[in-house]
Amino acid sequence: MNWDIAEGNWKQFKGKVQTQWGKLTDDQLDQINGKRQELSGRIQEAYGVSKDEAEKQIKAFEDRNRDL
């Protein structure tokens, strides 16, 4: 998965992110606006995980969505 493409198509892509991390609100997803680092921070806050764990989750998400 190319994160630049995800950022450029955020409106379509954020549904997949919402499915993966359901605690993130629509407002938070709008604020993230495709920025990977912002997503990582929001995951850390919402789920109480470390930066490393958030990055691990994002990497696994990217691997599952390689076709995007």
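Residues are called buried when their relative accessible area is under 20%, exposed when it is over 50% and partly exposed in between, with a 1.4 Å probe and protein chains only. The model examined here is predicted, so that local features need pLDDT of at least 70 and side-chain atom pairs count only at pLDDT 80 or more, whereas totals for chains, interfaces and linings use all residues. Residues are numbered from 1 along each chain as its sequence is written, and side-chain values use heavy atoms, with hydrogens and water left out.

By the accessibility criterion, asparagine 33 is partly exposed, with a relative accessible area of 38%. This residue, asparagine 33, lies in the loop between H3 and H4, where helices (H or I, at least four residues) and strands (E, at least two) are DSSP runs numbered from the N terminus. The phi angle of asparagine 33 is near 50°, a positive value in a residue other than glycine.

A pair of aromatic rings is described by the distance of the centres and the angle of the planes. Rings of Phe, Tyr and Trp (for Trp, its six-membered ring) are taken to pair if their centres lie within 6.5 Å, and planes under 30 degrees apart count as stacked, over 60 as edge-to-face and the rest as tilted. A search of the whole structure on this basis finds 3 aromatic pairs. In one of them, phenylalanine 13 and phenylalanine 61 are arranged edge-to-face, at 5.8 Å centre to centre and with 70° between the planes. This pair links distant parts of the chain, since phenylalanine 13 belongs to helix H2 (residues 10-20) and phenylalanine 61 to helix H5 (residues 51-64), 48 residues apart. Phenylalanine 13 is buried, at a relative accessible area of 5%, and phenylalanine 61 is likewise buried, at 2%. The rings of tryptophan 21 and phenylalanine 61 have their centres 5.1 Å apart and their planes at 50°, and the pair is therefore tilted. Here, too, distant parts of the chain are linked, with tryptophan 21 in the loop between H2 and helix H3 (26-32) and phenylalanine 61 in helix H5, 40 residues apart. Both tryptophan 21 and phenylalanine 61 are buried. One aromatic cluster is formed by Trp10, Phe13, Trp21 and Phe61.

The packing of two helices was examined next. Helix H4 (residues 36-47) and H5 pack at an angle of about 120°, with their axes 9 Å apart; the axes are lines fitted to C-alpha atoms, for helices over the stretch in contact, and angles run from 0 to 180 degrees between N-to-C directions. Because angles under 35 degrees count as roughly parallel, over 145 as roughly antiparallel, 65 to 115 as roughly perpendicular and the rest as oblique, H4 and H5 are oblique to each other. The crossing of H4 and H5 is right-handed, a crossing being left-handed if the near helix is turned anticlockwise from the far one by less than a right angle, and right-handed if clockwise. Contact, defined as heavy atoms within 4.5 Å, is made by Arg36, Leu39, Ser40, Ile43 and Gln44 of H4 and by Lys51, Ala54, Glu55, Gln57, Ile58, Lys59 and Glu62 of H5. By class, the contact of H4 with H5 has 4 nonpolar, 3 polar and 5 charged residues, where Ala, Val, Leu, Ile, Met, Phe, Trp, Tyr, Cys and Pro count as nonpolar, Asp, Glu, Lys and Arg as charged, and the others, Gly among them, as polar.

Glutamine 44, found in helix H4, counts as partly exposed at 24% relative accessibility. Leaving aside neighbours within four places in sequence, glutamine 44 is in contact with Val49, Ser50, Lys51 and Ala54; glutamine 44 and alanine 54, 10 residues apart in sequence, are 6.0 Å apart in space, C-alpha to C-alpha. Tyrosine 47, which also lies in helix H4, is partly exposed, with a relative accessible area of 28%. Not counting residues up to four places away in sequence, tyrosine 47 touches Trp21, Gly22 and Lys23, and the C-alpha atoms of tyrosine 47 and lysine 23, 24 residues apart along the chain, are separated by 7.8 Å.
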